[in-house]
Amino acid sequence: MKRINQLFALSGILIVSAACTTGQKPEKVSALMGHEEEITALIARMTLEEKVNMLHGKHMFSSAGVERLGIADMEYADGPFGIREEMEPNSWKPLGLATDSATFFPTGSALAATWSEALAYDYGVGMAKEARLRGKDMILGPAINIQRLPTGGRTYEYLSEDPVLSAALSVQYTLGSQDNGAAVCLKHYALNNQENDRGSIDVKVSARAMREIYLPPFEAAVREADAYGVMAAYNKVEGYWCSENELLLNRILRDEWGFRGMVISDWGGVHSTVGAVTSGLNVEMPGSRYMGAALLDSVKAGVVPESVIDTRVREILRVRLAIAPVPATEANKVMSSLPAQQQIADEVAAHSIVLLTNDGDLLPIDPMKVKRIAVIGDNAVRRQSQGGVGAGVKALREVTPLEGITNRLQGSGVTIRWAQGYRYYSMRDRYARVSPYSDADPKLMAEAVQLAKSSDLVIFVGGNNREVETEGSDRTSITLPMGQDELLQQLAAANPRIVAVMVTGAPLDLRRAQQVSLAMLISWFNGSEGGNALADVLLGKVSPSGKLPFTFPLQLEDSPAYSLKVYPQQARQQQGDVFVNLVDKKEAAQESGPVADYAEGIFVGYRWFDTKEVPVLYPFGHGLSYTTFTYSDLQVRADDTYLYATLQLSNDGSRNGEEVVQLYVGRPGSKIERPLKELKAFRRIALQAGEKKAVEIQIPLEKLRHWDEAANDWKLEPGSVDVLIGSSSQNIRLTGTVQIAAR
Ligand code: GLC
């Protein structure tokens, strides 16, 4: 995509083929198919024991090859936003190397907030470069489940509530990574949209919602980017564990989408021997409880044909022969976090920050007019790279908001003072089940108010942290934690000139914060360079250009699963989290867990709020700039292959800026139930002050299809299609209508 962008950008005309090609036939043969004869010969030389030995974990993050035949082990590494530190082979104890500090890339929702396919590609490049230096073959990422719940514990890790945005970025992350020698592992396939009871939940979902909402990011990364790996999720879908789900693994992933790579389980997520291996699981991770001796016995007993084992081994060898192994003598020899990757992290961070409000143009801050700045909040000094049970990053560096602001105001004569303002919510609190939704700490609040009184401007840095949002459990609220709302009220009474920066990976209830802040931004868990990127936006070196990848509801109860009372499910299972049990070596009961009823169907995120006319605080796709953009001259048409939209976009302000043009479609006259509007394409456009550009978007008609449950296939409904061009899902700037002819 990056290459294509450069070509078209030169012409001044931007051609956009739509973001993903859900539903199309496989357009090309996988790059994995180039070694079939060689693989056949290798398998013929293997013993049964050697074959079965490839189908389960060797160490915590590796599975075996066949040394006798020169087939290297597969080395895995958590992602998806930084290559995890080296640990002891069979424990979770870090090795404490001097060379395994990594670049902390902005997490998933931050990348999604850039709405930039080019940056997603670069992100994949950066991850692959570091993975190779660390000797890794497969990155355990990107994490691309749809954010169904505002409180989902891993919302920060995932991308968006929308399948088209998620799919487009998943494709580019995959291309960037695999173009640079590291396989991806798309996770967690599929419908792993909550952390509570993730190891036992049984998802009940309509075929249409599964196809139109939850599978598209996986489908696009397989069909368009030839993803080499997929991770089967912990949960069940319609009664079958994902790690032994014939429909998901063999019929949809392989037969329909043309996937030719390998499927590994989530850690401790396997529940059978015969079911798993025949339904399409290649590797049980990290142990061998089901796919070790038990599998060998099953083959010898004639229960599992050896041909099934050969098929699973073939799929692994395709990836093994496509990814050059890094000799152990070359791994971890140099520090993996290099300036080139830090630069990518900085680019992503700078383009991810979302300006929600800017009343009275308080921003950008003019150092000539402000002499004393109070920076208030624990998050101003908190590093977000580690934490939250699983994929943390031992970051070589992480610039905090306070460091970034201090860096950029060096020598300006501006005095910067900090106060913690509210208590840090720690891992200890989380393990002790202390709620993060506590009152403000009176002492910390008094100190902060005192500092605000004696300052010209308050930069409040609040939001969540990596212990409030975590793998293994969902949040119970979207309220600002640690009494921040109360603190903000007190600060505003002392000094009304407040810029509120929310560090978060997920939606927050900002109704009260908005009332007392003159400007508000979302600054994400924004990676190694996050503090510098934030300062560049606050001081106007960069115009903010991020757009929300998910809706901020007015209140949690308005969101679909809460409104329909299908979440949270019955009282949580007491078996504890499947991953934590694995780490604690506790044998979790494999009993079946609660049912998650996806009763809202396709009405996820803005699809729900728009269609049900439920007001929101900030809509999907929202984000302001320091300049203004004018949309004009929309022309739309369709032939029997594409829908075309052409428009003019101009920057009417005095500052350079970047806008994300969003194309939604609506079908008011449709014969089937549909959301009011659905995103079908988007394009990030950079414009100098006063510049004007033509934007052309073309969308294959396949992308307008819906899943017809009776036909069990995609269908293109003829008729009238409204084309809505917006700078957010609720700020529609131009509209047009085209007719789709019957076929
Ligand atoms: C965890 C996560 C998965 C991760 C794996 C290895 O349980 O669900 O995303 O890659 O185990 O750490």
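Predicted model: local features only at pLDDT ≥ 70, side-chain atom pairs only at ≥ 80, totals over all residues.

Residues are numbered from 1 along each chain as its sequence is written, and side-chain values use heavy atoms, with hydrogens and water left out.

Begin by colouring domain 1 (64-322), domain 2 (353-550) and domain 3 (626-740), whose bounds come from an automatic or database domain assignment. The C-alpha centres of domain 1 and domain 2 lie 33 Å apart, and 40 residues of domain 1 are in contact with 36 residues of domain 2 (contact means heavy atoms within 4.5 Å).

Next select strand E12 (residues 354-358), which is largely enclosed by the rest of the structure because five of its five residues are buried (under 20% relative accessible area, with a 1.4 Å probe and protein chains only). Strands (E, at least two residues) and helices (H or I, at least four) are DSSP runs numbered from the N terminus.

On a 1 Å grid over the protein atoms alone, a cavity is a set of points where a 1.4 Å probe fits but cannot get out, whereas a pocket is an open set with protein on both sides within 12 Å along at least five of seven lines; lining residues have an atom within 4 Å of a point. The largest cavity has a volume of about 230 Å³, the volume being the space filled by probe spheres set on points joined across faces, edges and corners. Select Glu212, Glu678, Lys680, Lys703 and Arg705, which lie nearest its centre among 20 lining residues. Domain 1 and domain 3 both give residues to this lining, so the largest cavity lies between them.

For the largest pocket, of about 870 Å³, select Arg430, Arg433, Gly472, Ser473 and Arg572, the nearest to its centre of 36 lining residues. Helix H15 (427-431) and helix H21 (578-583) each supply at least two residues of that lining.

Finish at the second largest pocket, with a volume of about 590 Å³, where strand E4 (residues 74-78) gives the largest share of the lining, four residues.

Technical notes:
Buried < 20%, exposed > 50% of the residue type's maximum accessible area, 1.4 Å probe, protein only.
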